[in-house]
Amino acid sequence: MLDSYDIYLYLCCKPQKQATPGNTSDSSYGFHLPAQSFQYSNTMPTIIYPSPIFGPVKSRRLGISLGINLLPPDGKICTFDCLYCECGFNAEKRTTTPLPSRKEVSTALENKLIEMSREGQLPDVLTFAGNGEPTIHPQFGEIIDDTIILRNKYCPGAKVSVLTNATLITREKVFNALSKVDNNILKLDTVDTDYIMSVDRPTGSYDLASIVERMKAFNGTAVIQTMFMKGSVNGRNVDNTGDKYVIPWLEIIREIAPREVMIYTIDRETPHAGLQKATKEELDRIVSLLHSSGIKASASY
Ligand code: SF4
């Protein structure tokens, strides 16, 4: 089962400040990323993952995790453009490369699982993540079906997880596909629309009320992931750790009644230099509030 630390690895793993392309290890986390996953801009380190399969990522707590990236290998495509996105800003990572086809994904995944099977190192989790929003793929539902079939064939003990910003869960096909996976992990950074527009920055229309309604419709099976941070951007305070943001968010979380809430914060450099980590004390306070409401919750610092 993917836990909050593993979410942290997928969302926040990146090279050290001094890292250079080709330096693939990060001993502080005990895992290794493929060298080609690192690309650098002049302003900040960012991560662009291979596609359609990357890893496996070896984590002390997770075990062996295989990444599935439904976006191109040379850029980022997302329905958000988060100020903290470690793939970089959308405008800086444009790509005209087509998305991998359903067939390319299933063939690459099956080949990788056969290879891992031969090596006696099957994955513990298959995680949809990578260079943007996975549900943007027009055949996301079919690819989930293929992945479950391959999981059942080669590694029946492994979980299938999807990290999504939840912008497309109002689409029936996306909702139905997410209902089939073991860990359906939905982003909800705040319920303040102005904050979402300023920090998560949807690239299209965004209707928070409709998205929350669909989150409720998962009937307690979904996991909510929330980024808490501080700092300012262009003179705007982006601290969402105080009661102004936490209390309304908590009320909506209670209504959604998720299986679990995972909160985390930024780590080291972000695309926008004005962002800062939330402190351990701030995150612990939010976890306590969730626990007081009877909601399972954990924090990654
Ligand atoms: S939703 Fe995820 S991939 Fe998309 S911009 Fe935000 S952090 Fe980046």
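Residues are numbered from 1 along each chain as its sequence is written. Because the model is predicted, local features need pLDDT of at least 70, side-chain atom pairs count only at pLDDT 80 or more, and totals for chains, interfaces and linings use all residues. The pLDDT is the predictor's confidence in each residue, on a scale from 0 to 100. Its average over the protein chain is 87, and 83% of the residues score at least 70. Values below 50 occur over residues 1–9, a stretch with 32 contacts in the model beyond near neighbours in sequence. Residues 11–42 also have pLDDT below 50, with 50 contacts beyond near neighbours in sequence. Two residues are in contact if their C-beta atoms, placed from the backbone, lie within 7 Å. Where pLDDT is low, the predicted coordinates should not be read in detail.

The secondary structure of the protein chain comprises eight helices and 15 strands. Helices (H or I, at least four residues) and strands (E, at least two) are DSSP runs, numbered from the N terminus. Of the contacts in the protein chain with a separation of 6 or more, 70% are between residues 24 or more positions apart. Of its 301 residues, 45% count as buried. A residue is buried if 20 or more other C-beta atoms, placed from the backbone, lie within 10 Å of its own; it is exposed if 12 or fewer do, and partly exposed in between.

Strands β9, β10, β13 and β15 are linked by parallel pairings. Two strands pair if DSSP finds at least two bridges between them. Strand β9 (residues 183–187) is joined to β10 by three bridges, and L186 has I224 in β10 as its bridge partner. Strand β10 (residues 223–227) in turn pairs with β13 over five bridges. Within this pairing, V223 stands opposite E260, and the bridge partner of M227 is Y264. Strand β13 (residues 260–264) also pairs with β15 (residues 297–300), over four bridges; here Y264 stands opposite S300.

Both β10 and β13 are mostly covered: five of five residues are buried in β10, and four of five in β13. In a regular strand the side chains alternate between the two faces of the sheet. In β10, V223, Q225 and M227 point one way, I224 and T226 point the other way, and all are buried.

An open sheet of three strands has the order β12-β11-β14, with antiparallel pairing. The edge strands, each pairing on one side only, are β12 (236–237) and β14 (275–277). Three bridges connect β11 (residues 229–233) with β14 in the antiparallel sense; G231 has L275 in β14 as its bridge partner.

Helix α6 (residues 208–216) packs against helix α7 (residues 243–256) at an angle of about 40°, with axes 8 Å apart. This angle makes α6 oblique to α7. Axes are lines fitted to C-alpha atoms, for helices over the stretch in contact, and angles run from 0 to 180 degrees between N-to-C directions. Angles under 35 degrees count as roughly parallel, over 145 as roughly antiparallel, 65 to 115 as roughly perpendicular and the rest as oblique. The contact brings V212, M215 and K216 of α6 to I252, E255 and I256 of α7. By class, it has four nonpolar, no polar and two charged residues. Ala, Val, Leu, Ile, Met, Phe, Trp, Tyr, Cys and Pro count as nonpolar, Asp, Glu, Lys and Arg as charged, and the others, Gly among them, as polar.
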